[in-house]
Amino acid sequence: AKRLGGDRIEAYRASARSIAAYSRASEEDLDRGLRHGELQVQFQPIVDIHSGQIAGAEALMRWEHPQRGVVTPDEFVPLAERTGLIERLGRLAFEQAAGQTREWMNTLPLDEDFFISVNLSPSQLASETLLNDMRALVSENRAVAGHLKLEITESQVMTNPEHSAYMLAALKTLGLRLALDDFGTGHSSLSYLHRFPFDTIKIPAPFVQISDESGMSHTQVPIMRSIMALAAELDLAVIAEGVETLEEIERLQALNCHYAQGYAFGAAMSGAELTKKLQAQFAR
Ligand code: C2E
Ligand code: CA
Ligand code: CA
């Protein structure tokens, strides 16, 4: 191959820089997106694995970028954390989820256990303002607070277990429900689990997904069994994540897992789309 000359290398570098600047979202960009309503939560159904009914949903944020199309949270949540925009993003996700929950509770015959969960980012749990923000948000959404669930990852909780215990107790007192996300991926939380007021644990896809032709692997089965036994002991609901196949659904049913979430039941969708699914469920 022909080697590039000096000028061409410089031109190439300059264009690479401008592509990088264009393709990586910036703080100003995200700030503008937040002000212009480009960030919206979508809802992924969470299904009762025995009845097949939608029992709740997880609110997942999407950024409809005017030039770049849909940007996923893996990109903009870290950006929001770095730039201090995470608190606004967090309030927005909660407000949108609460508003949609209010509409569903008012228009559909949903049962008392119906829940919508909202993710907290790592820095939110550590933040001084979280409790004040949540206090205000809950008082604006009194009627549905008991249907809202905060998802907090295990590694977030275990970064500072003492502080987490305090924060979680305070959030629980506000009437919110709490789910431990990505259970089993952080440090051993078993000895701490009973000290935190979680009502749900979420099992990440690698423990759930079957890649082996002969079914769940020799390590997956005992892990899932012991999680289910532990959850029963501590009176926790279990949600299996990343469920994509019928085989996985059947396996989870056999393990007596309570809830499942994944492409087998649907990806994140707009509130209007989930409304249709919920209506269809009640029409049956
Ligand atoms: P997460 O909380 O573990 O969310 C589950 C992720 O798995 C979502 O990705 C979801 O779309 C994806 N997923 C669902 N079902 C399947 C499946 O069957 N197979 C596979 N392969 N993936 C599936 P998403 O929406 O891109 O979100 C990524 C992460 O970003 C989330 O992980 C969550 O930690 C974070 N996030 C999302 N929305 C928010 C938000 O509003 N605030 C904060 N702080 N974080 C958020
Ligand atoms: Ca989550
Ligand atoms: Ca998760």
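Trainee: Which backbone oxygen lies 2.7 Å from a polar atom of the side chain of Gln220?
Mentor: That is the backbone oxygen of Gln209, and the pair is a polar contact, meaning N or O atoms within 3.5 Å where, within protein, one must be able to donate a hydrogen and the other to accept it, and where residues adjacent in sequence count only if both atoms are side-chain atoms. Before we go on, note that this is a predicted model, in which local features need pLDDT of at least 70 and side-chain atom pairs count only at pLDDT 80 or more, while totals for chains, interfaces and linings use all residues. Residues are numbered from 1 along each chain as its sequence is written, chains are lettered from A and ligands numbered from 1 in the order in which they are written, and side-chain values use heavy atoms, with hydrogens and water left out.

Trainee: And which backbone nitrogen lies 2.8 Å from a polar atom of that Gln220 side chain?
Mentor: The backbone nitrogen of Ser217 does. Gln220 itself belongs to helix α11, residues 220-233, where helices (H or I, at least four residues) and strands (E, at least two) are DSSP runs numbered from the N terminus.

Trainee: Is Gln220 buried or exposed?
Mentor: Gln220 is buried, at a relative accessible area of 8%; buried means under 20%, exposed over 50% and partly exposed in between, with a 1.4 Å probe and protein chains only.

Trainee: Switching to the ligand, which residues are the closest to ligand 1?
Mentor: The closest are Gln44, Met61, Arg62, Glu244 and Tyr263, out of 20 residues that surround ligand 1, each having a heavy atom within 4 Å of it.

Trainee: What kinds of residues make up that shell around ligand 1?
Mentor: The shell divides into eight nonpolar, six polar and six charged residues. Strand β2 (54-65) and helix α3 (73-83) each supply at least two of the shell residues, and the largest share, four residues, comes from β2.

Trainee: Which polar atoms of the protein lie by ligand 1, and how far away?
Mentor: A polar backbone atom of Tyr263 is 2.8 Å from an oxygen atom of ligand 1, a backbone N or O atom of Met61 lies 3.1 Å from a nitrogen atom of the ligand, and a side-chain N or O atom of Asp181 is 3.2 Å from a ligand oxygen. Taken alone, ligand 1 exposes 800 Å², of which the protein buries 78%, the areas coming from the Shrake-Rupley method with a 1.4 Å probe.

Trainee: What about Asp182, where is that one?
Mentor: Asp182 is found in the loop between β6 (177-181) and α9 (190-193), and at 27% relative accessibility it counts as partly exposed. Asp182 has a positive phi of about 55° although it is not a glycine. Most residues other than glycine have a negative phi.

Trainee: Which other residue has a positive phi, near 60°?
Mentor: Asn256 does, and it too is a residue other than glycine; its place is in the loop between α12 (246-254) and β9 (259-260).

Trainee: Last one, which side chains does the side chain of Glu38 contact?
Mentor: The Glu38 side chain makes polar contacts with the side chain of Arg32 at 2.6 Å and with that of Trp63 at 2.9 Å. Glu38 lies in the loop between α2 (27-35) and β1 (39-48), and Glu38 is buried, with a relative accessible area of 11%.

Note on methods: Nonpolar A, V, L, I, M, F, W, Y, C, P; charged D, E, K, R; others polar.
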